[in-house]
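Please look over the structure below before reading on. The briefing is meant for someone meeting this structure for the first time, and it is grouped by topic.

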Amino acid sequence: MLATISRGSSVKPPLVDRIQLWLSKGRMIDGLWIGTLSDDPELALQRVEAALRLIERSAPLHYQRVKKSLSRIWVQLVPHGAGCYQHSLNACLLDPRVVASETTTIEWIASAIVHEATHARLENWGIRYDEAARSRIERICARRELDFALHLTDVDALHEEIAQRLDLCRDEGTYYSDENMRLTMEQGSVEALRHLGTPEWAIALVFRVIGLRHAFHRFTRRLAGVLAR
């Protein structure tokens with residue numbers, strides 16, 4: 001899944017993100033910072049740079065939009081999908097497990113960057129990634145991605161993947177609902193923790209605490225409703 005994490009424009013990046021950015025290995029490409037905390041940083045950076053150069057050669061207009069819309073491309077764990085746009089960092093996040101995979105093409109990485117840069121443009125125009133608008137936003141981003149992919153050759157599998165995501169966007173209010181995205185985030189977080197070598201007992205404890213916190217929030221909301229009557 002390619003998605004977005006939308007936070008208020010005045011919200012600073014979380015402290016953990018700022019620390020991880022400082023620890024990341026990175027470099028500037030035409031005014032755009034690319035960086036990573038992955039196990040093989042040079043491989044990740046090379047693949048992202050190759051994707052940017054592919055966009056530049058194949059679709060100069062898309063390349064200009066990427067440079068204008070994004071401040072960073074950060075190869076960092078993405079629990080809920082292969083990539084996302086994070087507003088508080090003005091960054092395209094790409095999961096290192098995907099970037100480093102032998103089955104992931106440079107064309108796919110370039111396409112994902114175009115997709116997330118479109119999220120950035122929409123957010124900069126004041127279009128929030130709320131549940132009611134989410135399917136329409138994803139449809140716009142997938143269409144921009146498809147427009148870019150049409151500039152490439154021998155990418156039938158990529159065209160098919162984008163077409164499948166466009167089909168999901170037509171299912172208003174289901175696939176991109178808050179509840180479905182919450183479940184996807186939880187499932188992806190388990191896999192991310194396992195990828196980091198977290199013991200199963202620790203993963204279970206984390207989600208038990210999260211479950212208790214959600215239950216407490218639901219209780220306090222119901223109590224507030226009763227007191228307001």
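What follows takes up the charged side-chain pairs and then the nonpolar core.

The model shown here is predicted. A search of the whole structure finds nine salt bridges, and the largest nonpolar core has 37 residues.

**A pair between strand β2 and helix α2**

- R27 and E49 form a salt bridge in which the closest N and O atoms are 3.3 Å apart.
- Because R27 belongs to strand β2 (residues 25-29) and E49 to helix α2 (residues 41-58), this pair ties together parts that are 22 residues apart in sequence.
- R27 counts as partly exposed, with a relative accessibility of 25%, and E49 also counts as partly exposed, at 22%.
- Both residues of this pair belong to a network of salt bridges that links K25, R27, E42 and E49.

**A pair between helix α2 and a loop**

- The side chains of R53 and D30 meet in a salt bridge, with 3.0 Å from N to O.
- This pair links distant parts of the chain, since R53 lies in helix α2 while D30 lies in the loop between β2 and β3 (32-36), 23 residues apart.
- R53 is partly exposed at 26% relative accessibility, and D30 is partly exposed with a relative accessible area of 41%.

**A pair with one buried partner**

- D95 and R97 meet through their side chains in a salt bridge, at 2.7 Å from N to O.
- D95 has a relative accessible area of 1% and is therefore buried, as the cut-off for buried is under 20%.
- R97, by contrast, is partly exposed, with a relative accessible area of 30%.

**The largest nonpolar core**

- In soluble globular proteins, nonpolar side chains tend to be buried together.
- Within the largest nonpolar core, the residues with the most contacts inside it are V48, L52, L70, I73, L94 and I113.
- At least two residues of this core come from each of β3, α2, α3 (60-69), β4 (72-75), β6 (91-94), α5 (106-124), α6 (131-149) and α7 (156-169).
- Helix α5 gives the most to this core, supplying eight residues.
- When neighbours within four places in sequence are left aside, V48 is in contact with I34, I73, V75, L94 and I113.

Key:
Residues numbered from 1 in each chain as written. Predicted model: local features only at pLDDT ≥ 70, side-chain atom pairs only at ≥ 80, totals over all residues. Heavy atoms only, no water. Salt bridge = Lys/Arg side-chain N within 4 Å of Asp/Glu carboxyl O. Helix = DSSP H or I, 4+ residues; strand = E, 2+ residues; numbered from the N terminus. Buried < 20%, exposed > 50% of the residue type's maximum accessible area, 1.4 Å probe, protein only. Core = buried A, V, L, I, M, F, W, Y, C linked by side-chain atoms within 4.5 Å. Contact = heavy atoms within 4.5 Å.
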